[in-house]
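This briefing sets out how side chains meet inside a folded protein chain. Please keep the sequence and the model in view while reading.

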Amino acid sequence: PLVQLLRPYNAVQKKWFNNPIKAINAVMDSVLNETNSIIDKKQIVDILMDVSHYKFDPMMAKAIQLLSHMYNLKARMVEYAMETQVLLTAESLALHHDICTFMPLFRRVLLVHIRTDQAEMVNAILEKFMECCVFKNDKEKPNKIGQHCLVNHRLVALLVELLQRPQIKDPPKAGEEWFLFLAGNIMKLLRLMVRNNPEVQAVVFKEIDTIMAVRSCPAAQADMLCELFHYNADVSWKVSDPHVHQLVALVSEHQEKVPQLVSVLTSIIVADEQGTLIKRSQTLVMKHVLRGYPKDAYVFDVPAALRSRILLGEEGKDLLLYAVNLINLFTLCAKGNRGSIRSFCQNVFTLREILTLLLKEEISPNIKRPLLKYVTWVYLHLMSASDKTTIGNPLLKRMLWQVIKTFVPDLDHCSELVNTETVSASIMASIEDSATPQRGDELYPATVVYYIVDAILPFLRVFC
């Protein structure tokens with residue numbers, strides 16, 4: 001029909017004979033509305049490409065509009081196809097039906113102001129959703145089908161809406177302790193949803209500002225943020241300067257009460273399981289930590305004797321974990337060719353002080369590990385061969401070789417473990433949760449192995 005409507009065009013008078021412009025526009029609009037039903041896409045594209053060469057602006061504009069509309073539809077179809085979830089097994093279908101059962105009730109509750117008696121019901125629904133994120137037989141293994149099902153039901157938007165409510169966002173008042181428990185469960189559900197799932201992590205990261213604005217459950221919030229950035233370079237690269245500033249402000253506010261917040265900064269720096277570091281994140285983190293150093297790292301801005309007692313665990317486990325997490329953070333920021341950061345770290349701890357701590361038998365391998373890594377990347381890395389052997393003065397040289405001698409019992413113990421025992425992955429994963437396992441504890445063998453692999457071997461490689 002479009003070709004039949006074309007008439008000879010008078011370029012001088014700039015008008016159509018018999019004035020068929022309205023008819024052509026009507027046909028163009030009709031084609032635009034029926035684009036989805038056209039079967040032969042190639043033919044219509046060829047026609048529109050040909051029409052776009054005519055020297056008549058309204059027709060050219062309509063042809064280009066049609067082409068743009070067709071390809072935008074294709075692009076949206078690809079996006080929808082990527083989000084489409086096909087459930088093939090009976091278990092996945094049962095999981096979907098369970099979510100469909102609780103989701104309408106959850107949405108209906110969110111339409112009204114949540115009272116204390118309703119908070120218990122919301123918590124019960126959240127616990128059901130948590131069960132969908134993990135396998136029944138292994139609560140630590142994420143169920144990606146369940147994670148994607150919850151995201152496809154737009155659960156993230158509903159949870160963010162809950163977190164924006166003052167009764168959940170702010171610390172609870174007297175008699176409203178249920179809302180504190182509710183906020184913790186929301187953070188726990190988000191943590192289970194993003195675990196080892198980059199697609200869901202990207203969706204949740206879009207709401208990072210709302211999540212970091214919550215003040216009622218800092219511990220659960222820190223655990224969730226650690227899982228969000230865990231070995232995800234794409235998300236870590238999107239972290240901006242205001243985000244880091246807000247995270248460091250949370251560290252300053254809670255300090256040793258929530259030592260996991262320091263681990264969030266560490267997660268932003270480490271890009272993958274191979275230990276690749278993001279230099280941009282190193283710079284941003286250290287910039288904001290240095291600005292608030294007297295408050296962020298006050299555990300190091302004390303006399304050396306008190307710092308030793310903290311790292312020996314004599315001042316409490318919370319202070320110990322906070323100090324160890326800060327040492328890990330400073331080590332990662334100094335790793336690589338970061339001269340200015342390395343100079344700052346050398347002013348925080350002297351080499352003699354660290355070597356003295358490494359020679360104490362009462363310190364657990366899990367504490368020696370970050371200290372030895374600190375020596376490796378702050379002091380030994382990028383030194384010349386002569387500097388590594390002389391290391392400044394005879395006293396430091398003797399202390400350094402005494403530290404190397406302490407590796408022998410640990411290596412022997414590791415050899416025995418390889419021959420007689422198996423260190424399970426679950427035990428290895430829980431090492432970070434126990435700062436000071438002692439001989440005879442279940443975690444101690446795994447701690448020794450981790451100390452050798454993560455600290456001793458890199459030290460020997462750099463030193464030799």
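A residue counts as buried when its relative accessible area is under 20%, as exposed when that area is over 50%, and as partly exposed in between. At 18% relative accessibility, Lys373 therefore counts as buried. The model described here is a predicted one.

**Nonpolar cores**

- The largest nonpolar core has 123 residues, and those with the most contacts inside it are Phe106 and Phe300.
- Helix H20 gives the most to this core, contributing twelve residues.
- Another core lies apart from it and has nine residues, among them Phe56, Met59, Leu66 and Leu67.
- Phe300 has a relative accessibility of 4% and so counts as buried.
- When neighbours within four places in sequence are left aside, Phe300 is in contact with Tyr293, Arg307, Ala323, Leu326, Ile327, Phe330, Val348 and Phe349.

**Aromatic pairs**

- How many aromatic pairs does the structure hold? There are eleven aromatic pairs.
- One of them joins Tyr298 and Tyr322, a tilted pair with 6.3 Å from centre to centre and 35 degrees between the planes.
- Because Tyr298 lies in the loop between helix H18 (293–296) and helix H19 (304–311), while Tyr322 lies in helix H20 (residues 317–334), this pair ties together parts that are 24 residues apart in sequence.
- Tyr298 is partly exposed, with a relative accessible area of 26%, whereas Tyr322 is buried, with a value of 0%.
- Why is the pair of Phe300 and Phe349 edge-to-face? The ring centres of Phe300 and Phe349 are 5.0 Å apart and the planes stand at 70 degrees, so the pair is edge-to-face; the cut-off for this class is over 60 degrees.
- This pair links distant parts of the chain, since Phe300 is in the loop between H18 and H19 and Phe349 is in the loop between helix H21 (339–348) and helix H22 (351–358), 49 residues apart.
- Phe349 counts as buried, at 1% relative accessibility.
- Ring pairs also link Tyr293, Phe300, Phe330, Phe344, Phe349 and Tyr374 into a cluster.

**Charges over rings**

- The ring of Phe349 has the charged end of Arg307 sitting over it, 5.2 Å from the ring centre.
- The face of Tyr450 has Arg369 lying over it, at 4.4 Å from the ring centre.

**Salt bridges**

- The count of salt bridges comes to nine.
- In one of these, Arg165 pairs with Glu161, and the closest N and O atoms are 3.8 Å apart.
- Arg165 is buried, with a relative accessible area of 15%, whereas Glu161 is partly exposed, at 36%.
- Glu315 forms a salt bridge with Arg309, with the closest N and O atoms 3.2 Å apart.
- Both partners are partly exposed: Glu315 has a relative accessible area of 36% and Arg309 has one of 34%.
- A salt bridge also joins Asp454 to Lys373, the closest N and O atoms being 3.1 Å apart.
- The pair links distant parts of the chain, with Asp454 in helix H28 (residues 444–463) and Lys373 in helix H23 (residues 365–380), 81 residues apart.
- Asp454 is partly exposed, with a relative accessible area of 22%, whereas Lys373 is buried, at 18%.

**Helix H21**

- Which residues of H21 are buried? The buried residues of H21 are Ile341, Arg342, Phe344, Cys345 and Val348.
- These residues cover an arc of only 160 degrees around the axis, and therefore lie on the same side of H21.
- The exposed residues Ser340 and Asn347 are carried on the face of H21 turned away from its buried side.
- The buried residues of H21 pack against helix H17 (279–291), H18, H19, H20 and H23.

**Asp410 in helix H26**

- Asp410 lies in helix H26 (residues 407–420).
- Is Asp410 buried or exposed? Asp410 is buried, with a relative accessible area of 9%.
- With neighbours within four places in sequence left aside, Asp410 is in contact with Val448, Tyr451, Ile452 and Ile456.

Methods:
Residues are numbered from 1 along each chain as its sequence is written. This is a predicted model: local features need pLDDT of at least 70, side-chain atom pairs count only at pLDDT 80 or more; totals for chains, interfaces and linings use all residues. Side-chain values use heavy atoms; hydrogens and water are left out. Rings of Phe, Tyr and Trp (its six-membered ring) pair if their centres lie within 6.5 Å; planes under 30 degrees apart count as stacked, over 60 as edge-to-face and the rest as tilted. Helices (H or I, at least four residues) and strands (E, at least two) are DSSP runs, numbered from the N terminus. Buried means under 20% relative accessible area, exposed over 50%, partly exposed in between (1.4 Å probe, protein chains only). A charge sits over a ring if NZ of Lys or CZ of Arg is within 6 Å of the ring centre and within 35 degrees of the ring normal. A salt bridge is a side-chain nitrogen of Lys or Arg within 4 Å of a carboxyl oxygen of Asp or Glu. A nonpolar core is a set of buried Ala, Val, Leu, Ile, Met, Phe, Trp, Tyr and Cys residues joined through side-chain atoms within 4.5 Å. Contact means heavy atoms within 4.5 Å. The arc is that of the directions from the helix axis to the C-beta atoms.
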